[in-house]
Amino acid sequence: MSTIAAPPAALAHHHRHGWWWKALLTGLVLWGLTVWVTAVTMNSNLIPTLILLGSFLVPFCVVLFVLERIVGNVTTLQVILAFLVGGICGVLGASLLEADLPANVFTYVGVGFIEEFVKGAILVIIGWKVLPKTARQGALLGAAVGAGFAAFESAGYAFNAVITAEGFDLGTMLQTEALRAILTPVGHVLWTAILGAVLFGAARGRARYRFSFTIIAAYVVVALLHGLWDSMSGITSLVALLLTGTTISDMRFGFIPASSQAAAAPLGSVLYVVGVALTAVAGILVLWTVLRRHAKAARVLAAGTVAVEPAPSPSQPTTQPPWTS
């Protein structure tokens, strides 16, 4: 009796030790200590430490999370390179492509398509020889690339927040770092994880990538989610102004009464949180659906590797039915 061979097992596995949450707790303590020392001494030499620690802590923990779960022939060095090279090349490429974007209502949509294209291209290159190419592998490697992009981008935002004409603004920088750190797992990390899951899932465990229109669809979805995320502040502010009595004619001529701005600010903050949360939930549902669909397809494929009874050879006697002579 012969059997159809099942796909080879994973070549290696990075054991789980919970380093990601241990590093997160340790990093939070160090970040808080650095904030305290900086606030007490007002030593500007500590600003780079705050920027790096606040911007890289959560993305680095994402990398540790990936290392504890990724399998196959992916090495620790490859994941770290995906984080560093993906992050640096991502922000450089995005900056070049976004330099000539016109400032209009579709600007953030253009940013979403550009940044997701750059991260997707880097993911394709880094994952070229990764085996096996499965949706789960792609999601994890994509998360590492997205974490790198988020880390370097957050460092830039923190730097811009701290520099003012009167000196350095510690409070604004800390708010920027805290907000972006909280949103990192459901921002760049999530979007590139979705794209990676679809890209690798289309290969169905093969050594090479396989084109599928679902890849194009996934790219469009994550780019639109990205654009919606970036434009959420403007959208919610506009809705809040309209709900608090500011008319279209007021905004059409570039005048918004100060009283309307003050009244709309709390509502705008609430709407922003709700909008960001809904966008994040939509992204999580998309990723969960992709991973579930590919996991189900893999189980069906594994169930198809059943034993096959060989046909009798001509030299073997066959049992005759009792009613034949």
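This briefing walks through side-chain contacts and surface features of the structure above. The model is predicted. The structure holds 3 salt bridges, and the count of aromatic pairs comes to 8. A search of the whole structure for disulfides finds 0.

**Cysteines**

- C61 has 5% relative accessibility and so counts as buried.
- C89, at 38% relative accessibility, counts as partly exposed.

- R69 forms a salt bridge with E68, and their closest N and O atoms are 3.6 Å apart.
- R69 counts as buried because its relative accessibility is 15%, which is under the 20% cut-off.
- E68 is buried too, with 4% relative accessibility.
- R69 also meets an aromatic residue: its charged end sits over the ring of F65, 3.8 Å from the ring centre.

- K119 and E116 meet through their side chains in a salt bridge, with 3.0 Å from N to O.
- Both residues belong to helix α4 (residues 107–126), and because they are 3 residues apart there, about one helical turn separates them.
- K119 is buried, with a relative accessible area of 0%.
- E116 counts as buried as well, at 0% relative accessibility.
- The charged end of K119 sits over the ring of F149, 5.4 Å from the centre of that ring.

**A salt bridge between two helices**

- The side chains of E153 and R180 form a salt bridge, 2.8 Å from N to O.
- E153 is in helix α5 (residues 135–162) and R180 is in helix α6 (residues 170–183), so this pair ties together parts that lie 27 residues apart in sequence.
- E153 counts as buried, at 16% relative accessibility.
- R180, at 23% relative accessibility, counts as partly exposed.

**Aromatic pairs and a cluster**

- One of the 8 aromatic pairs is formed by W20 and F65: the ring centres are 5.8 Å apart and the planes stand at 85°, so the pair is edge-to-face.
- This pair links distant parts of the chain, as W20 lies in helix α1 (residues 19–41) and F65 in helix α2 (residues 47–67), 45 residues apart.
- W20 is partly exposed, with a relative accessible area of 29%.
- F65 is partly exposed as well, with a relative accessible area of 32%.
- F113 and Y219 make another edge-to-face aromatic pair, with 5.5 Å from centre to centre and 80° between the planes.
- F113 sits in helix α4 and Y219 in helix α8 (residues 213–230), so their contact ties together parts that are 106 residues apart in sequence.
- F113 has a relative accessible area of 25% and is partly exposed.
- F56, F83 and F152 come together in one aromatic cluster.

**A nonpolar patch on the surface**

- L77, I80, L81, L84 and V85 form a nonpolar patch on the surface, and together they have about 400 Å² of accessible area.
- Among them, L81 lies in helix α3 (residues 76–98).
- L81 is partly exposed, with a relative accessible area of 40%.

Note on methods
Residues numbered from 1 in each chain as written. Predicted model: local features only at pLDDT ≥ 70, side-chain atom pairs only at ≥ 80, totals over all residues. Heavy atoms only, no water. Disulfide = S-S within 2.5 Å. Buried < 20%, exposed > 50% of the residue type's maximum accessible area, 1.4 Å probe, protein only. Salt bridge = Lys/Arg side-chain N within 4 Å of Asp/Glu carboxyl O. Helix = DSSP H or I, 4+ residues; strand = E, 2+ residues; numbered from the N terminus. Patch = residues over 30% accessible without salt bridge, like charges linked within 9 Å, V, L, I, M, F, W, Y side chains within 5 Å. Areas by Shrake-Rupley, 256 points an atom, 1.4 Å probe, with all protein chains shown as cover. Phe/Tyr/Trp six-rings, centres within 6.5 Å; stacked < 30°, edge-to-face > 60°. Lys NZ or Arg CZ within 6 Å of the ring centre and 35° of its normal.
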